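Please keep the structure in view while reading.

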Amino acid sequence: MRSYQKIAGIFFTCLCFVHSSGKAQSVDYKAQVLFMYNFIKYTNWPVVESSFTIVVLGDSPITTELNKLASIKKTPDGKSITVLQTQDVNAITGCQMLYVTEGLSKEMPQIINFIKDKSVLIVGQRDGLVKKGAGINFFTQDDDRLGFTISLKNVEARKIKVAGELLRLAELAD
C-alpha cells in the first residue's frame, strides 16, 4: 500500500505542476518529460543494454527537455539515458522508448511494421495513438491537465511490463 501511495504522490506532484495556465492546445514538454521518466521507473523491459535509449521521431522541443533530463538523471538501476532524434522511421534502432511527435503520428503503421516484435515502448504526443499501436499517448484533460492513456495490450505485445500502480493512474484503452 505504501508503494502505491508513494507513486500516487509522485504523479500527483507532476499533475500539480502540469496544470496549464495557458491554452489547452499548448504542449507542456517539461511535464511530458516528467511523465516519461516515471514511465521508465515503473516499467520493465526484458533487456536494456548499457544505456536506456529514447528516440524522438520528428522535430520537437521535447528533445531538448529529454536531453536536460538525461544530463542529470539515470534509470532506477543506474543506467545512463541517451536521447536521439530522427525524421526517418528506418533509423529507429536499439531504443527502449520511442516518442512519436504529432507531425509524424501518421507514420504509425510504418513504425509498427518496422519495430515488429522489439521491446520498444511507443509514446505518442497525440491523443488516440494507442488505437493505432502506441503503448502510451498523452492527452489534455478537461481541466487542461496532462493525462496519459495506456494500452496494456500494445505494451504486453512488446514483452514490456507496466507496474500496476502506473496502470491505476492512467486512462486504460483496452
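Strand S4 (residues 97–100) and strand S5 (residues 121–124) pair in the parallel sense over 4 bridges; two strands pair if DSSP finds at least two bridges between them. Helices (H or I, at least four residues) and strands (E, at least two) are DSSP runs, numbered from the N terminus. The model is predicted: local features need pLDDT of at least 70 and side-chain atom pairs count only at pLDDT 80 or more, while totals for chains, interfaces and linings use all residues. Residues are numbered from 1 along each chain as its sequence is written, and side-chain values use heavy atoms, with hydrogens and water left out.

**The sheet**

- Within the S4–S5 pairing, methionine 97 has leucine 121 of S5 as its bridge partner.
- An open sheet of 7 strands runs in the order S3-S2-S4-S5-S6-S7-S9, with mixed pairing.
- Strand S3 (80–86) and strand S9 (171–172) stand at the edges; each has a single partner strand, so one side of each lacks a neighbour in the sheet.
- In general, strands of a sheet pair through backbone hydrogen bonds, either parallel or antiparallel.

**Helices across the sheet**

- Helix H2 (residues 29–41) lies across S2, S3, S4, S5, S6 and S7, and runs at about 155° to S4.
- Helix H3 (residues 62–72) lies across S2, S3 and S4, at about 165° to S3.
- Contact means heavy atoms within 4.5 Å; axes are lines fitted to C-alpha atoms, for helices over the stretch in contact, and angles run from 0 to 180 degrees between N-to-C directions.

**Nonpolar cores**

- A nonpolar core is a set of buried Ala, Val, Leu, Ile, Met, Phe, Trp, Tyr and Cys residues joined through side-chain atoms within 4.5 Å.
- The largest core has 34 residues, and those touching the most other members include Met36, Leu66, Met97 and Phe138.
- H2 gives the most to this core, with 8 residues.
- A second, separate core of 15 residues includes Ile92, Leu104, Met108 and Ile111.

**Salt bridges**

- There are 2 salt bridges, each defined as a side-chain nitrogen of Lys or Arg within 4 Å of a carboxyl oxygen of Asp or Glu.
- Glutamate 65 and lysine 68 form one of them (3.4 Å, N to O); both lie in H3, 3 residues apart, about one turn of the helix.
- Glutamate 65 is buried at 16% relative accessibility, whereas lysine 68 is partly exposed at 44% (buried means under 20% relative accessible area, exposed over 50%, partly exposed in between; 1.4 Å probe, protein chains only).
- Arginine 145 and aspartate 143 also meet in a salt bridge (3.4 Å, N to O).
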